[in-house]
Amino acid sequence: MQIEFGPELEAFRAEVCAFLDTAPTPEIREAGRKLTSVFAPFDQVMAWHRILYEKGWAAPNWPVEHGGTGWSIEQRHIFAEEYRRRDLPPLLPQGLGMVGPLLIDIGTEEQKAKYLPGILKGEDFWAQGYSEPNSGSDLASLSCRADPDGDDYIINGSKIWTTYAHHANRMFMLVRTDNTGKKQQGITFLLLDRIDYPGMTIRPIIGLDGFPEQCEVFFDNVRVPQSGRVGAENDGWTVAKHLLKHERGGGAQSPTLHRGIERIREAAQTTPSGFGTMLAEDPVFLRDLGELEADIASFEHFEKLGVSGHPMANDPAWPSMNKTMNSELTQRISVLMTRVCGTEGLPLQHEALRVGANVEPLGSDLELVAMPYYLNSRATTIYAGSNEVQRDLIARTAGRGV
Amino acid sequence: MQIEFGPELEAFRAEVCAFLDTAPTPEIREAGRKLTSVFAPFDQVMAWHRILYEKGWAAPNWPVEHGGTGWSIEQRHIFAEEYRRRDLPPLLPQGLGMVGPLLIDIGTEEQKAKYLPGILKGEDFWAQGYSEPNSGSDLASLSCRADPDGDDYIINGSKIWTTYAHHANRMFMLVRTDNTGKKQQGITFLLLDRIDYPGMTIRPIIGLDGFPEQCEVFFDNVRVPQSGRVGAENDGWTVAKHLLKHERGGGAQSPTLHRGIERIREAAQTTPSGFGTMLAEDPVFLRDLGELEADIASFEHFEKLGVSGHPMANDPAWPSMNKTMNSELTQRISVLMTRVCGTEGLPLQHEALRVGANVEPLGSDLELVAMPYYLNSRATTIYAGSNEVQRDLIARTAGRGV
Amino acid sequence: MDFTFTDEQQMLRDSVSSFLQRSYDFDARNKIVRGSDGWSRAVWGQLAEIGLLALPIAEDAGGLGGSAPDLVAIAEPFGAHLLAEPFLATALLAAPLLAKAGSGELEAIMGGSKIAALAYEEGHGTADPSQIAMAARRDGHGFVLDGEKRMVLAGADADLLLVVARLDGKLALLAVASGQGDIVTTGYQTIDGRRAANIRFAATRLGGDALLSVDVEPALREVLDTTLLALCAESVGAMGELLARTADYAATRKQFGVPILTFQAVAHRLADMKIAYTKARATLLYTAALMEARHAGERDMAILKGQIGKLGREVGEAAIQTHGGVGMTDELAISHLHKRILANDALLGNSEYHLRKVGNLT
Amino acid sequence: MDFTFTDEQQMLRDSVSSFLQRSYDFDARNKIVRGSDGWSRAVWGQLAEIGLLALPIAEDAGGLGGSAPDLVAIAEPFGAHLLAEPFLATALLAAPLLAKAGSGELEAIMGGSKIAALAYEEGHGTADPSQIAMAARRDGHGFVLDGEKRMVLAGADADLLLVVARLDGKLALLAVASGQGDIVTTGYQTIDGRRAANIRFAATRLGGDALLSVDVEPALREVLDTTLLALCAESVGAMGELLARTADYAATRKQFGVPILTFQAVAHRLADMKIAYTKARATLLYTAALMEARHAGERDMAILKGQIGKLGREVGEAAIQTHGGVGMTDELAISHLHKRILANDALLGNSEYHLRKVGNLT
């Protein structure tokens with residue numbers, strides 16, 4: 001067993017700090033402070049993506065030959081720590097964390113050449129077209145159809161919970177290309193070069209936090225080229241399962257959770273407990289905090305076991321355990337945030353939340369974001385395969401690898 | 001809405017207190033103090049049963065014509081409160097709470113005349129023969145067979161988790177009388193006058209707390225009279241479901257839970273928190289206690305709504321909700337008990353736990369009983385229909401009665 | 001022992017429910033909440049007409065002298081229908097204090113033509129009057145107010161504002177006319193569709209007649225208890241609605257070819273919702289009966305508020321999870337009901353506060 | 001970053017596991033535990049032979065200087081096999097302190113012929129040496145002890161008893177020979193099959209040579225940290241065993257005509273068991289690596305003990321519930337594994353204590 005410590009890492013940390021302290025614009029910082037979702041405000045996060053790309057730091061987890069940084073695990077963790085410590089907006093995952101790694105693994109050379117640079121540079125934003133109104137947890141039952149027609153497919157149907165489709169310029173999606181066999185067998189994975197093909201309509205959906213983050217996308221005889229297919233026709237389920245490993249895989253989410261705790265501890269300094277002291281000195285609050293912090297620590301240990309390639313991480317249920325833990329910890333933190341804010345979290349402050357709005361919030365930054373963050377985070381146990389589905393998967397291998 | 005308060009009730013309370021302060025023998029009190037299960041030490045609890053019978057107070061919930069007390073809800077609650085406050089052993093439920101009420105509801109006049117007096121007087125103890133090694137949650141799959149033979153049945157098979165069968169002189173049981181239809185349809189409900197019929201063998205099972213409370217009962221061509229049948233042949237499932245209402249129904253369990261809290265609060269007076277004060281002044285401990293006490297209070301309100309005949313209690317899921325809440329609160333209390341005891345709860349003290357053993361325990365009474373009580377109480381979410389089965393039943397009517 | 005509504009209470013409840021079903025369904029309600037006022041004077045007039053605005057007022061002050069169970073009978077449907085109108089602010093918090101002070105404004109308030117608000121809260125959910133810090137200073141025959149009241153329900157809409165402040169160490173009640181110049185009122189909507197305001201006083205001068213009560217604490221505590229009961233009844237109403245809607249959804253929404261209720265994880269979550277709702281309602285009804293019998297102590301009120309806040313959150317979160325994506329949208333009532341429960345929990349001390357209080361009170 | 005066992009560690013672990021599988025299966029273990037001694041000198045001799053009793057001792061004291069990961073490698077199988085022999089008491093708590101004090105008894109202890117015990121605990125799970133109250137009084141050239149030590153692991157079986165007591169305000173270590181007359185030793189078995197004792201000193205006189213260390217607190221803290229790691233590793237070993245056995249049971253036990261794993265309630269509970277086990281083991285391995293790198297602080301140790309206690313209880317309770325009736329019996333290993341986890345949680349500060357400490361240490 002071995003964990004690196006030492007002056008080289010501290011020098012690296014200093015380099016990271018120096019960059020993160022100076023490179024982001026005020027708007028980018030504001031977007032990070034006003035974050036109420038895993039999906040950061042679009043314009044600012046993409047601007048930040050491009051700045052990181054210029055520095056060469058947009059994709060620490062990618063292989064070096066595709067633009068990765070070649071950092072050690074310790075370095076990647078330090079980068080994530082300092083990044084989150086400054087409340088910088090996390091880059092959007094659809095390109096860098098999902099379709100990018102998928103193409104690196106199984107895309108054709110042509111697809112890699114065509115799409116990876118745009119993803120890495122932050123020029124493209126990809127929407128993910130998976131769920132449908134009648135196919136949520138039962139994703140394989142999807143019915144949005146793609147019928148071959150010459151070199152093209154003609155798509156009919158709709159997709160829902162398509163995050164930021166109204167901001168996207170590209171889209172990857174699952175379509176039904178065969179209805180005859182097992183439902184998993186007639187699915188195809190497609191890349192769409194555009195999201196404004198004739199016949200496509202996008203309807204943003206207002207979420208329970210009051211913001212349009214998800215969309216519904218309608219397809220009415222939309223013609224797209226077959227060259228956008230990843231893998232074979234009708235083999236899209238295998239492709240999607242491969243991508244899922246990346247979607248649920250993670251690697252350095254614990255710094256985000258730790259940062260949540262830091263913000264709570266800051267706020268607790270000036271929040272009365274109702275029992276004579278500030279929350280920061282309240283034994284009950286500190287116990288609850290300690291319990292949550294210890295659980296976040298275990299998740300961090302789990303993440304590090306994973307990225308370090310410990311044999312336990314070969315367990316097929318590892319990505320599902322990762323997704324389950326991360327989402328449930330996120331929710332617990334968000335609850336604690338709203339608890340610190342009390343009634344100060346109740347006012348609706350949509351205007352003040354808009355980046356660049358110049359509207360003074362009624363209270364602190366945390367009081368501004370806590371409630372919408374809590375509400376938005378209810379989605380974390382629903383999306384990317386509900387936690388019920390994850391537990392089904394975990395149970396299948398429950399006795400293995402012990 | 002209306003709750004009685006007033007001097008009459010206080011007079012009643014005084015009468016109850018006077019009796020409970022003087023009537024129980026030292027052995028009965030010791031049995032109550034050393035209680036580590038819902039099933040009290042046999043000899044002492046039966047002695048106490050007979051004393052209560054002499055007073056006319058053995059069956060407060062029975063109809064007056066069968067020996068009930070005719071008390072109001074408030075009176076019954078006061079009786080239960082004072083009873084538990086003195087740590088007196090609860091009477092065994094199999095007769096008074098299960099087969100007795102069943103016979104009152106649907107027994108023949110002959111059966112009532114034959115069995116009710118023995119139950120009321122505490123002369124008989126009835127074992128409950130339901131579960132089988134391969135039929136636990138799936139009770140209806142039971143296979144212990146009773147074949148008609150003249151006026152008798154011949155029983156072959158076995159029963160398990162038969163509480164105190166080694167103390168019993170009678171038994172009620174479910175047997176398979178028909179294998180042809182739906183599994184629920186070939187079951188018959190039988191009363192056995194004896195538990196020492198030729199061919200019956202009883203094997204006590206040592207529990208995880210180290211005590212033999214449950215038994216396995218084997219039947220090898222056991223001949224019993226058909227006159228012990230309750231309801232029609234093959235209609236035993238209906239009879240059992242009727243009985244279940246009583247088994248899971250309850251009515252005054254909250255005083256037992258409240259008493260658990262009282263004992264914890266007492267112990268907390270002299271137990272250091274590890275953080276500079278006694279637990280009784282520790283804010284964290286008090287918060288946990290408050291949370292549990294409030295939940296017990298809600299259960300008490302639920303019980304009172306039930307016994308007062310509120311329309312919500314007509315919900316078919318009421319008994320299942322009662323069983324679920326009571327068992328899970330019991331377990332939470334038992335955990336808190338062991339937490340107060342810390343390492344003092346770890347020594348095995350089987351000898352000191354025996355009533356009349358005259359072995360000094362290593363520490364306090366609570367330290368003596370907390371761990372075996374905790375261990376034993378793991379059964380509460382398993383027996384009488386596991387809580388998983390209860391939740392299945394509750395879910396079936398989830399939207400009703402709202 | 002009896003926890004059923006009387007015939008009169010049941011009739012009251014039915015009439016409120018049917019009025020709301022008729023005139024205040026989810027779409028109508030959203031239209032009102034999203035309008036420029038955020039609430040409807042027409043609906044308010046209807047509530048006055050049914051007599052609800054006079055219900056909490058003592059009979060000798062010209063009200064209907066409603067009991068705690070009466071209040072539960074109307075507040076459960078209020079919660080189920082997400083009422084946005086300032087019933088709590090005006091009829092429960094302000095009016096009874098005006099009645100005690102013998103104010104002449106009471107008639108107009110009970111009649112629905114004037115709105116009154118109580119500036120009590122000072123931040124984070126002031127759970128107990130002893131936490132009130134804002135002081136009124138004597139100044140000649142008048143008074144000077146400095147400081148800020150926050151989350152004043154209906155604070156920007158009120159014709160009449162009652163301010164709780166310390167005067168000579170005790171809590172006093174002072175009346176402030178709407179629109180006085182040196183008061184800065186910042187109105188906003190809350191997550192659950194109510195209107196509230198932060199109100200800042202900077203050397204605000206009030207005349208001698210502004211002082212309504214010099215030692216308002218006992219009356220205030222009574223008013224806060226009644227409001228707490230109503231908040232809890234609203235939340236229980238919302239929980240019932242969430243349970244019913246979620247049970248329906250689970251029975252009809254299909255995945256993997258079967259209703260999702262078929263999945264034990266969904267079924268057991270529904271069972272837990274039902275247990276939580278049943279416990280919550282049992283405690284609500286029991287506490288209302290205790291209050292009516294004048295036997296409800298501090299600990300009983302803390303149990304009520306603590307349990308309903310905790311159980312309500314469980315039910316709301318379970319309802320969203322069971323609905324999945326659509327539960328996350330603004331389009332269904334689910335999230336709105338949950339937000340009402342959350343807001344009610346935060347007001348007047350949240351469940352953490354009250355459950356802890358239970359532990360501290362033996 | 002690397003959390004895998006070295007080849008040497010893996011070999012050590014395999015040899016311990018295979019020895020225990022061969023000589024210490026559940027039936028053999030129960031026979032030993034239910035015997036009059038409650039533990040086996042033969043097994044103890046085997047552990048000495050494999051070198052395990054010398055593992056925790058520094059090389060310069062003649063031991064093997066085992067690392068934290070070495071200890072994890074052997075303690076996980078100890079937990080899985082419910083080892084009853086006094087490894088914690090003798091090899092982890094007492095021997096390293098004797099080694100520091102340069103005691104001549106060390107050889108016999110590492111060789112397995114003598115048992116030593118540390119009288120540290122004073123009741124309820126003394127979580128921190130600062131809580132030690134028992135004092136040693138100077139008396140001429142010797143000392144007098146008054147008071148009681150409780151839950152002294154192997155306390156009744158020890159040839160040599162080390163007592164931690166305050167001397168001139170600081171914690172000192174004193175040696176007491178077995179069987180000294182004015183000491184009352186009450187031996188007992190613990191719920192998890194270990195042997196322990198309460199030991200009462202009433203004006204017990206010790207000679208001047210009884211004093212082994214005058215300021216033992218730093219060494220004691222180190223020994224307690226190592227023991228804490230071993231307790232946690234044992235519990236993680238027990239959790240792994242519970243998970244494997246429960247997964248097997250759920251896959252084979254049939255109700256309603258299908259394996260009970262088919263029921264989502266059972267499946268999801270198994271999933272939660274696996275998550276808990278995985279988290280616990282991740283924290284165990286990570287903390288062991290931190291300790292080896294001498295980077296484990298007080299907070300890291302508190303996280304470890306807190307998490308393993310909490311997660312272990314979850315796994316044990318879930319295992320019993322999944323097994324149903326048979327999980328409640330003495331006949332299956334399930335309940336015994338759970339009791340080992342519970343006992344390990346209670347020793348040296350339970351999860352409540354440690355998780356709270358995490359919150360107090362930023």
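This is a predicted model: local features need pLDDT of at least 70, side-chain atom pairs count only at pLDDT 80 or more; totals for chains, interfaces and linings use all residues.

Me: What area is buried between chain C and chain D?
Reply: About 300 Å², with carbon and sulfur atoms giving 52% of it.

Me: How many salt bridges between chain C and chain D?
Reply: The count there is zero. For polar contacts between chain C and chain D, three residue pairs turn up, both partners at pLDDT 80 or more.

Me: OK, switching to chain A. How is chain A divided up?
Reply: Into domain 1 (7-91), domain 2 (127-240) and domain 3 (253-397).

Me: Let's take domain 1 and domain 3 of chain A. How many residues are in contact there?
Reply: On the domain 1 side of chain A, 19 residues are in contact with 23 residues of domain 3. The centres of these two domains, taken over C-alpha atoms, are 20 Å apart.

Me: What's the buried area between domain 1 and domain 3 of chain A?
Reply: About 1700 Å², and carbon and sulfur atoms contribute 59% of that. On the domain 1 side, the residues losing the most area to domain 3 are A:K34, A:T36 and A:H77, which together make up 33% of what that side buries.

Me: How many salt bridges does the rule find across the interface of domain 1 and domain 3 of chain A?
Reply: Three. One salt bridge in the model pairs A:R259 with A:D87, and their closest N and O atoms are 2.8 Å apart.

Me: And how many residue pairs are in polar contact between domain 1 and domain 3 of chain A?
Reply: Seven, again with both residues at pLDDT 80 or more.

Me: Which helices supply the domain 1 side of chain A that touches domain 3?
Reply: Helix 2 (26-33) and helix 4 (73-85) of chain A each supply at least two residues. Helix 4 of chain A gives the most to that side, with six residues.

Me: Last one: how does the side of domain 1 of chain A that touches domain 3 split by class?
Reply: That side has eight charged, seven nonpolar and four polar residues.

Methods. Residues are numbered from 1 along each chain as its sequence is written. Chains are lettered from A and ligands numbered from 1 in the order in which they are written. Side-chain values use heavy atoms; hydrogens and water are left out. Domain bounds come from an automatic or database domain assignment. Contact means heavy atoms within 4.5 Å. Buried area is the accessible area (1.4 Å probe) that two parts lose on being put together, summed over both. A salt bridge is a side-chain nitrogen of Lys or Arg within 4 Å of a carboxyl oxygen of Asp or Glu. A polar contact is a pair of N or O atoms within 3.5 Å; within protein, one must be able to donate a hydrogen and the other to accept it, and residues adjacent in sequence count only if both atoms are side-chain atoms. Helices (H or I, at least four residues) and strands (E, at least two) are DSSP runs, numbered from the N terminus. Ala, Val, Leu, Ile, Met, Phe, Trp, Tyr, Cys and Pro count as nonpolar, Asp, Glu, Lys and Arg as charged, and the others, Gly among them, as polar.
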